[in-house]
Amino acid sequence: MSVVTVQLGQCGNQIGFEVFDALYSDSHCPQGLCSERENEAYQASSKERFFSEEENGVSIARAVLVDMEPKVINQTLSKAAQSGQWKYAQHSCFCQKEGSGNNWAYGGSPGVSEV
């Protein structure tokens, strides 16, 4: 059974990257805390559940990245691709619009009128 994560916002995308990086490292570790047979079974199920694989053998994280601005998503995609071990699929990202970050700085909190 596969698992697809949804990474929301800056925090969700940054933590999601760390989770997938740890899952990848863990699933490719030659030694585990259990027997060799149990470790191999764990690694196989982790790879199957959290990653798909391209024809060239590169692991693709099963995740959807969502943020209002593309900056964090682009950084997350880039950081994963630079690892050279796994990456996110380019079509698994959703950005609605730019410029919404820190909109409170444009004159006060929403719903509060200035005097």
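**Note on the fold of the predicted protein chain**

1. Read along its sequence, the protein chain follows the pattern β-α-α-β-β-β-α-β-β. The model discussed here is a predicted one. In total, the protein chain has three helices and six strands.

2. Some overall values come next. The protein chain holds 115 residues, and buried residues make up 23% of them. Its accessible surface comes to about 8000 Å². Carbon and sulfur atoms account for 53% of that surface.

3. The contacts can also be sorted by separation along the sequence.

4. Which strands form the open sheet, and in what order? The sheet is made of three strands in the order β1-β4-β6, and the pairing is parallel. Its edge strands are β1 (5–8) and β6 (93–95), each of which pairs on one side only. From one strand to the next, the twist averages 15°.

5. The pairing of β1 with β4 may be followed in the model. Strand β4 covers residues 63–67, and four bridges join β1 to β4. These two strands run parallel. As a point of reference for the reader, Gln 7 stands opposite Leu 65 in β4.

6. Two helices pack on this sheet. Helix α1 touches β1 and β4, and its direction makes about 135° with that of β1. Helix α3 also packs on the sheet, where α3 touches β4 and β6. The direction of α3 makes about 150° with that of β4.

7. How are α1 and α3 placed relative to each other? Two packed helices are described by the angle between their axes and the distance between the axes. Helix α1 spans residues 9–27 and helix α3 spans residues 70–83. Their axes come within 10 Å and cross at roughly 10°. Angles under 35 degrees count as roughly parallel, and α1 and α3 are therefore roughly parallel to each other.

8. Which residues make the contact between these helices? From α1 come Gln 10, Asn 13, Phe 17 and Glu 18. From α3 come Val 72, Ile 73, Thr 76, Lys 79 and Ala 80. By class, the residues of the contact of α1 with α3 divide into four nonpolar, three polar and two charged.

Key. Residues are numbered from 1 along each chain as its sequence is written. This is a predicted model: local features need pLDDT of at least 70, side-chain atom pairs count only at pLDDT 80 or more; totals for chains, interfaces and linings use all residues. Side-chain values use heavy atoms; hydrogens and water are left out. Buried means under 20% relative accessible area, exposed over 50%, partly exposed in between (1.4 Å probe, protein chains only). Accessible areas come from the Shrake-Rupley method with a 1.4 Å probe; for residues, only the protein chains shown count as cover. Axes are lines fitted to C-alpha atoms, for helices over the stretch in contact, and angles run from 0 to 180 degrees between N-to-C directions. Angles under 35 degrees count as roughly parallel, over 145 as roughly antiparallel, 65 to 115 as roughly perpendicular and the rest as oblique. Contact means heavy atoms within 4.5 Å. Ala, Val, Leu, Ile, Met, Phe, Trp, Tyr, Cys and Pro count as nonpolar, Asp, Glu, Lys and Arg as charged, and the others, Gly among them, as polar. Two strands pair if DSSP finds at least two bridges between them.
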